[in-house]
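Here are my notes on this model, as numbered points. Please read them with the structure open.

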Amino acid sequence: MKPFAQDFEFARALGLQMVERGDGRCTMAIDVNPQQHFSPQGAAHGGVAYSLADTAMGGALTSLLDPEQWCATLEIKFNYHVRVGEGRLTCEAAVLHRGKRVANIDAKLYQGGRLVSSANGNFAIFAAPGSK
């Protein structure tokens with residue numbers, strides 16, 4: 001399986017954590033806290049859940065790619081179902097279809113055992129720079 005480098009500054013700043021990854025699936029989590037993640041309305045900023053889903057979806061797809069392949073988000077349809085508050089937010093992402101150049105990935109986000117958001121996205125698959 002291709003390694004997945006989640007240790008980059010944006011992921012560290014948000015607090016994204018890898019839980020499990022492989023075979024076209026990826027579970028990631030974040031411990032939402034008011035000081036770091038809340039909007040002025042007293043709930044987690046929508047970008048927190050979106051960033052978690054986007055990263056987990058990329059993790060799911062890269063678990064299927066060859067080392068000389070990369071992927072990038074083309075589009076994501078994101079649905080916010082209920083308020084996300086303080087506590088652990090978990091995202092489960094799974095590749096639904098992988099074509100030669102585009103993959104479709106589904107994600108579900110849970111907090112306290114409750115579905116709080118869902119997403120579906122298309123990701124481009126392309127040769128890594130410098131690969132043949």
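1. Start with exposure: buried means under 20% relative accessible area, exposed over 50%, and partly exposed in between (1.4 Å probe, protein chains only). By that scale tyrosine 50 counts as partly exposed, because its relative accessibility is 30%. Phenylalanine 78, at 11%, counts as buried. Tyrosine 80 is partly exposed, with a relative accessible area of 47%.

2. Ground rules. This is a predicted model: local features need pLDDT of at least 70, side-chain atom pairs count only at pLDDT 80 or more, and totals for chains, interfaces and linings use all residues. Residues are numbered from 1 along each chain as its sequence is written, and side-chain values use heavy atoms, with hydrogens and water left out.

3. Aromatic rings. Rings of Phe, Tyr and Trp (its six-membered ring) pair if their centres lie within 6.5 Å; planes under 30 degrees apart count as stacked, over 60 as edge-to-face and the rest as tilted. The structure holds three aromatic pairs. One of them joins tyrosine 50 and phenylalanine 78: tilted, 5.7 Å centre to centre, 50 degrees between the planes. Tyrosine 50 lies in helix H3 and phenylalanine 78 in strand E3, so this pair ties together parts 28 residues apart in sequence. Phenylalanine 78 also pairs with tyrosine 80, again tilted, at 4.5 Å and 50 degrees. Tyr50, Phe78 and Tyr80 form one aromatic cluster.

4. The sheet. Helices (H or I, at least four residues) and strands (E, at least two) are DSSP runs, numbered from the N terminus. Two strands pair if DSSP finds at least two bridges between them. Six strands form an open, antiparallel sheet in the order E1-E2-E4-E5-E6-E3. E1 (17-22) and E3 are the edge strands, each pairing on one side only. The twist averages 20 degrees from one strand to the next. Ten bridges join E5 to E6; in E6, serine 118 is the bridge partner of lysine 108.

5. The core. A nonpolar core is a set of buried Ala, Val, Leu, Ile, Met, Phe, Trp, Tyr and Cys residues joined through side-chain atoms within 4.5 Å. The largest one has 32 residues; Ile30, Leu52, Met57, Leu61, Leu89 and Leu109 touch the most other members. H3 gives this core its largest share, eight residues.

6. Which residues does leucine 109 contact, leaving aside its neighbours within four places in sequence? Contact means heavy atoms within 4.5 Å. The partners of leucine 109 include Ala49, Leu52, Ala53, Phe78, Leu89 and Val116.

Conventions: Axes fitted to C-alpha atoms, helices over the stretch in contact; angles between N-to-C directions.
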